[in-house]
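Here is a short report on the aromatic rings of one protein model. Look at the sequence and the structure, then read on.

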Amino acid sequence: MTRRPPVRRRRRSGPTRRRGNPGSEGLILLGLVGLVAVSLIAALLNWLAAHPWVVALLLLAAAGAGGLWLWRRQEAARWEQVRAQGLRYAVEHLDSLHHNDFEFAVRDLMHRDGCSDAQKVGGRGDNGADVKATDPYGRRWVIQCKHRRAGWHGAAVGTPDLQVLNGTGRQIHGGDVLVMLTNGRFSRPALDFAKSQHLHLVDRHLLAQWAGGSHPLWELLRAIPPPRKPNRLS
């Protein structure tokens, strides 16, 4: 018997399935979104071109809002200046402050007197300076603050504290006027050392006069260095 050749089965023809490319689909979607956005912007521009009064109204509203913001900022600055010029502290109030707040109060008083750059710098590693400021005459002030809870009855500020200020005030901070300020008192050796080194001392009595009055500190101290430049406030 003759063998029949094996019958080969034909594969069914049909559409082949291709896996989609997520990247290309994302690009197509992004393109569609961009096309819609461009169409909306073009339609808006065309509408604004047909209604120019809307553009003018928006510009007027923006100008009005900008002017109002600028006016409010100027008013706030003016009232801040008025408040600073009228700043007063009773020395008893200064006694009750934390030493950190005491330094801020001294900074505010220097700002009241016209030192626009007055800043509190006291803290760890302050190198003997708690407040620094430039007065209207161009002189650089370096102030070290010593707060005493007991006021005049607290421990007197001694020579070691003044030695620190004397060693860093000019060399490191570039000070023209070096001030040791306290709501308490100074020891006799400290008074002698300050005089010999041209340091300025502000004790409780002078602090009360300065903080509770209207005269700047340089009008209350003696032997202040001459101005570096004319008074900016005159």
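## A buried tryptophan

W141 has a relative accessible area of 0%, so W141 is buried. Note that the model is a predicted one.

## The edge-to-face pair

Searching the whole structure turns up two aromatic pairs. One of them joins Y137 and W218: the ring centres are 6.5 Å apart and the planes stand at 85°, so this pair is edge-to-face.

How do the two differ in exposure? Y137 has 23% relative accessibility and so counts as partly exposed. W218 has 11% and so counts as buried. The cut-off for buried is under 20%.

## The tilted pair

W218 also pairs with W141. Their ring centres are 5.8 Å apart and their planes meet at 55°, so the pair is tilted. W141 lies in strand β3, while W218 lies in the segment after α7, so this pair ties together parts 77 residues apart in sequence.

Which residues do the ring pairs link into a cluster? They are Y137, W141 and W218.

## A charge over a ring

One more contact involves an aromatic face. K120 lies over the face of F104, 5.2 Å from the ring centre.

How values were computed: Residues numbered from 1 in each chain as written. Predicted model: local features only at pLDDT ≥ 70, side-chain atom pairs only at ≥ 80, totals over all residues. Heavy atoms only, no water. Phe/Tyr/Trp six-rings, centres within 6.5 Å; stacked < 30°, edge-to-face > 60°. Buried < 20%, exposed > 50% of the residue type's maximum accessible area, 1.4 Å probe, protein only. Helix = DSSP H or I, 4+ residues; strand = E, 2+ residues; numbered from the N terminus. Lys NZ or Arg CZ within 6 Å of the ring centre and 35° of its normal.
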